[in-house]
Amino acid sequence: MEAGKTYFKEKYDLNVEFTRHKFNPPSLGADVGLYGHLIENTNTEVFLLINYETLEIVTAAIPEGLVNK
């Protein structure tokens, strides 16, 4: 979760809080989905799929209006 928070801060200058997670089955890889929201606006949801062995970001999702930050 800390790697995910750092990613959003460094890439988009966003402060996020993750509230739940879900591990993919081992047959699909070593990924975990992190679900959360912006600290400043709990209605703005974020998602991050991260490889928990390498901490490599697989994909991230944030509302479109925040991408250009």
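Tutor: Gly 33 stands opposite Leu 49 in S3; strands here are DSSP runs of E with at least two residues, helices are runs of H or I with at least four, and both are numbered from the N terminus. The model is predicted, so local features need pLDDT of at least 70 and side-chain atom pairs pLDDT 80 or more, while totals for chains, interfaces and linings use all residues. Residues are numbered from 1 along each chain as its sequence is written, and side-chain values use heavy atoms, without hydrogens and water.

S2 and S3 pair in the antiparallel sense over seven bridges, where pairing requires that DSSP find at least two bridges between two strands. They belong to an open, antiparallel sheet of four strands in the order S1-S2-S3-S4. S1 and strand S4 (57-61) are the edge strands, each pairing on one side only. From one strand to the next, the twist averages 20 degrees. H1 packs on the sheet and touches S1, S3 and S4, contact meaning heavy atoms within 4.5 Å. The direction of H1 makes about 120 degrees with that of S3; axes are lines fitted to C-alpha atoms, for helices over the stretch in contact, and angles run from 0 to 180 degrees between N-to-C directions.

Within strand S2 lies His 37. His 37 counts as buried because its relative accessible area is 12%, and buried means under 20%, exposed over 50% and partly exposed in between, with a 1.4 Å probe and protein chains only. Beyond four places in sequence, His 37 touches residues including Val 16, Thr 44 and Val 46.
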